[in-house]
Amino acid sequence: MHIRYQLLIICLFCYGSQSYAQLCEGNLGDPVVSIDFGSGTSRGSALGSAVTAFTYSSEGELEEGEYTIYNTTSGLKGNAWHVTSDHTGNTNGYMMVINSAVIANEGVFYTKTVTGLCANTTFEFSAWLMNIMNPSIGTDQYHPDVTFRISDTNGNILGSYNTGDIAQSSSGNWQQYGFFFTLAAETEVVITILNSAPSAHPGNDIALDDITFKPCGPTITNSIINEFGTSLNICEDEIVSYTFQSVVSSGYSNPQYQWQYSDDLGLTWLDITGETTTNYVFSNTSSPGTYLYRLAVANGNNINSLSCRITSDTYNIEIIETPEALTGESQQSFCTTQNATLSFIDVSDSAIWYDATTDGTILNEDTYLIDGTTYFAAKESISGCESDDRFPVTVTIVNPSLQINNISAIICNTSNDTSELVDLTIYETDITTCSDCLFSYFFSQEDAQNYSEDGYINSPTNFEWTIDTNTIYARIDSSDHCFQISEISLTLGETPIIAVNDVMSICELETYTIIDAGFGFNSYLWSTGETTQVISVTDEALGDYWVTVTKDYGTYTCETTKEFQVLLSNTAVISNIDIDDWTDLNNSITINISILSLGDYEYSLDNITYQDSNVFLRLASGEYTVYVRDKYGCGISQDVIYLLNYPKFFTPNKDGTNDTWFIKNSYSEPTLNIKIFNRYGKILKSLDANSAWDGTYNGHQMPTSDYWFVVTRASGKSYTGHFSLKR
């Protein structure tokens, strides 16, 4: 009979087999035993010889056969173990850490006697284990092989479960192991945990935590009739009636029930008198707070023992305190320009609006306000509960008192480009006469009406108006609680451009120059006092001048002033030209002008492209014409120079090509002297600027070979090199 009952319990309440344990599939009760070893910042106390045969270590690393109670494995075995904290997750939570070794009594490392159990009841015994070996450092030869065993006080085994090998992992994983069993008449048992793997070998070390011993029973399924889920948020004093329904699967021959509640988040549970069916009707909402409800179930008279009960999952009830009444101004004014709705009324918190002080109709916050109407606001909590009292607000709607003008104007485009920086605030006195108004500027009328941050202009005193800008909207908030909107439309007017150079010159042999400010302006004013388009400046009145011109756009005028100098200038006098040659492509020319040159000059080698620098670099050898041009139009000077270089070979075979060796363009330096040597230093030929070598010496042809030369220039500077004679 007992065996048949036990098999029935196993089939109905529990998994037949799982990867890590044979745990209860039905509902569990509160733990009869719950051991998490406590917590602390230093090592915990020894467990005692009655609990474990291993030796306690209070400091340092663990040797074979030692254990400790600690909140980390760090420092317990070098880097051979994973560094981990306890499974429970408490701050500085302890666990039992064991360096396995050969010990007496089958390798038992934990023993506990449990009393006060219920006969004819199924219990689940479980614990969390970790193989703490680090496979990247230690060995993977041996694994923990743990057995959980339940015995009566006479040593008779009532049930057991073997984990098999607990494999190593790359990071260290806590795993739950355990099993269920059913008592007959016993009310006291001994739980034993032992390691059956070969001990005193690397790879067999473990951590233990969260040992629990709980009653196990049928599956309990929770629901609230006509509701979704098992959690409720209810307002204080709200009239409700909710039916909690817990359906208990078969398994108990005489199931008994007891509803419980907790007002301290499940730390303690109290039986609800008279509530002993599977349904409970909840209706008491008088006290705000968080409440948990559950159904406890046991077989027959076991319902009277807390250690025999299983319990359902919790029903979670939040009773929300009634909010305090709103506060604010009971008389509030708005302007017709605002098109104000209920959302415009300023009260101390979120509100639900009504049209009456009690009962009445809920009004949408988009409801437009009506002059002289009183609206009633109930404070609304985040969870939707309302205050008992409603705050009344009487509304007055007024018309604007200010006269507002739109602005249309032309502004000078100082750079004659596509934009201009504008101070929008200069138009405020033209928009309206108001000393205490607040002006704000926006890109669109909608932005101005809604005071939108996205369309708000942050720097109205330095606003960039472009040709694509049509209108800017100025919002004017006044003390009459009204705002109005003015349109500012600006047109970019072209600023006069005066085509006068910074420096105007009177060339040598001339006595005056004509300065023309340009045609098409409405007025001219020169620093000389003249008001004509053109003035004449003589060589006796050199110096600084200015001219101001204006262009009218109806009532708006754009003005430009140009400052300039009148100086003497002339055609440049080239004093000398420095050259640096005798290379293939890295020669240079430096043009020097005389102090008699009065102007500002630019330089060129082709009379097309000019530069300010008088130096030309990276030039090939050859003939060049240099040009010096006065920037003020007083003429161009030029000269011809030659950059010399020597040929690298010649072929005196009388074919008309490269038959002689000479310095190209050497005639430009009449005093040039050239001496040619063989490899032994013998002078074979002396040349002047106009002669060449035909490759002979004393009428004899010289053989194919390399020959050396020295060139001496008029400056005394000499160049050496060599070339090839090829036949």
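A: **The loop residue and its surroundings**

L265 is found in the loop between β15 (255-262) and β16 (270-271). The model is predicted. L265 is not a glycine, yet its phi is positive, about 60°. Most residues other than glycine have a negative phi. Is L265 buried or exposed? L265 counts as exposed because its relative accessibility is 65%, and the cut-off for exposed is over 50%.

The setting is a strand here: D210 lies in β11, residues 206-216. D210 has a relative accessible area of 13%, so it is buried; that class takes values under 20%.

Now the nonpolar core. The largest one holds 34 residues. Y110, F125, L208, I211 and F213 have the most contacts inside it. Take L208. With neighbours within four places in sequence set aside, L208 is in contact with F37, M95, M96, F109 and Y110, and also with A127, W128, L129, W174 and I193.

Next, a charged residue in a loop. E669 lies between β44 (649-650) and β45 (673-677). Its relative accessible area is 17%, so E669 is buried. Which side chain makes a polar contact with the side chain of E669? The partner is R713, at 2.2 Å. Beyond four places in sequence, E669 is in contact with L644, A689 and R713.

F391 is a strand case. Its place is in β25, residues 386-398. F391 counts as buried because its relative accessibility is 15%. As for V240, it is 151 residues from F391 in sequence. In space, the two are 26 Å apart, C-alpha to C-alpha.

Strand β25 leads on to the pockets. The largest pocket has a volume of about 220 Å³. It is lined by 14 residues, and T322, E386, S387, D388 and R390 are the closest to its centre. β25 supplies four residues, the largest share of this lining. By class, the lining has four nonpolar, four polar and six charged residues.

The second largest pocket has a volume of about 180 Å³. Its lining includes G29, D30, P31 and V32. Q260, W269, R294, L306, S307, R309 and T311 also line it. By class, that makes four nonpolar, four polar and three charged residues.

Rolling a probe the size of a water molecule over the atoms shows where empty space is left. How many cavities of 30 Å³ or more are counted? The count comes to two. The second largest cavity holds about 30 Å³ of space. Which residues line the second largest cavity? They are M130, N131, I166, A167, S169, N173 and Q175. Three residues of this lining are nonpolar, four are polar and none is charged.

Conventions: Residues are numbered from 1 along each chain as its sequence is written. This is a predicted model: local features need pLDDT of at least 70, side-chain atom pairs count only at pLDDT 80 or more; totals for chains, interfaces and linings use all residues. Side-chain values use heavy atoms; hydrogens and water are left out. A nonpolar core is a set of buried Ala, Val, Leu, Ile, Met, Phe, Trp, Tyr and Cys residues joined through side-chain atoms within 4.5 Å. Buried means under 20% relative accessible area, exposed over 50%, partly exposed in between (1.4 Å probe, protein chains only). Contact means heavy atoms within 4.5 Å. On a 1 Å grid over the protein atoms alone, a cavity is a set of points where a 1.4 Å probe fits but cannot get out, and a pocket is an open set with protein on both sides within 12 Å along at least five of seven lines; lining residues have an atom within 4 Å of a point. Grid points are joined across faces, edges and corners, and a volume is the space filled by probe spheres set on the points. Ala, Val, Leu, Ile, Met, Phe, Trp, Tyr, Cys and Pro count as nonpolar, Asp, Glu, Lys and Arg as charged, and the others, Gly among them, as polar. Helices (H or I, at least four residues) and strands (E, at least two) are DSSP runs, numbered from the N terminus. A polar contact is a pair of N or O atoms within 3.5 Å; within protein, one must be able to donate a hydrogen and the other to accept it, and residues adjacent in sequence count only if both atoms are side-chain atoms.
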